[in-house]
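Subject: Structure handover

Hello,

The structure we spoke about is below, with notes on what was found in it. Please read the notes with the coordinates open.

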Amino acid sequence: MTIKAHEQITVDEKTSDAKEGRSAKSKAAAPGGKYRAPKRTGGILSNVIFFLGMIALVGGSILFALNGSPDKSIFGYRFYSIKTGSMTPGAYSEEKGLTGGFRAGDMIIVKLCDPAEIKVGDIITFVPGSDSTAYLTHRVAEIKTALAGSEGLFFVTRGDANNADDPPISANMLIGKKVLSIPHMGAAVSYVKQHIVISFVMIISVFLLLLTLNMFFKKAEAEQAPHRTH
């Protein structure tokens, strides 16, 4: 009987120790000794942002590829691929302390705007002559209110890599003002237009890869999170 009583006491001690250990772990799971379930709001928000970003990536790439006309605007913006290096930062822009230049192969985003909003130093896209299929994007060097006896609004532009000003243009030849340049994106879009099927497969593959990586990291984070104890 003594042995049984001793065994019962030993079992009770082990049970008590186990309960205390679980209690300590539970208290350590959250400040103040109270367990707090992990918040899911941040995870849901990050997933929403991720999928929206992926949709924008795929949808934007397809739009760029299928939009063969530069006259089409998306929410008041146009996209142009740069063919020449006339706006490559050079001695003129460095001397004047001008920024915002770009290189051949880049893509620029141009915002349609009122000619009255243009200031000296802005980079504008315009039709340089009677050929409406040709576009030029240069920096405004001077603004005139009269030209050759005619009153109006006129812009004198110049490429950052050029040594001379361009002929003046009237305000009605303005397309808009450059707001952003994306390095090398113009060359990428040109490739997509020329190889639409291959590019579509590549875009879908990248989308699936990113989706898989996102699911993998989310699963790893869930496994590392503290488990709730009862």
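In which strand is the place of Val110? Val110 sits in strand S2, residues 107-112; helices (H or I, at least four residues) and strands (E, at least two) are DSSP runs, numbered from the N terminus.

Before the rest, the basis. This is a predicted model, in which local features need pLDDT of at least 70 and side-chain atom pairs count only at pLDDT 80 or more, while totals for chains, interfaces and linings use all residues. Residues are numbered from 1 along each chain as its sequence is written, and side-chain values use heavy atoms, with hydrogens and water left out.

Val110

Val110 counts as buried because its relative accessibility is 0%. Buried means under 20% relative accessible area, exposed over 50%, and partly exposed in between (1.4 Å probe, protein chains only). Leaving aside neighbours within four places in sequence, Val110 is in contact (heavy atoms within 4.5 Å) with Gly76, Tyr77, Arg78, Tyr80, Thr125, Gly176, Lys177 and Lys178. Ser73 is 37 residues from Val110 in sequence, and their C-alpha atoms are 9.4 Å apart.

Surface patch

Tyr77 also belongs to a nonpolar surface patch of about 430 Å², made together with Phe75, Val179 and Leu180. Patches are made of residues with over 30% relative accessible area and no salt bridge; like charges are joined within 9 Å, nonpolar side chains (Val, Leu, Ile, Met, Phe, Trp, Tyr) within 5 Å. Areas come from the Shrake-Rupley method with a 1.4 Å probe; for residues, only the protein chains shown count as cover. Phe75 lies in the loop between helix H2 (41-66) and strand S1 (77-81), and with a relative accessible area of 80% it is exposed.

Salt bridges

A salt bridge is a side-chain nitrogen of Lys or Arg within 4 Å of a carboxyl oxygen of Asp or Glu.

- Arg139 and Asp160: the closest N and O atoms are 2.7 Å apart. Arg139 is in strand S4 (residues 136-147) and Asp160 in the loop between strand S5 (150-158) and strand S6 (169-170), so the pair ties together parts 21 residues apart in sequence. Arg139 is buried at 4% relative accessibility, and Asp160 is buried at 1%.
- Arg158 and Asp165: N to O, 3.4 Å. Arg158 is buried at 14%, whereas Asp165 is partly exposed at 42%.
- Lys119 and Asp122: N to O, 3.9 Å. Asp122 is buried, with a relative accessible area of 12%.

Regards
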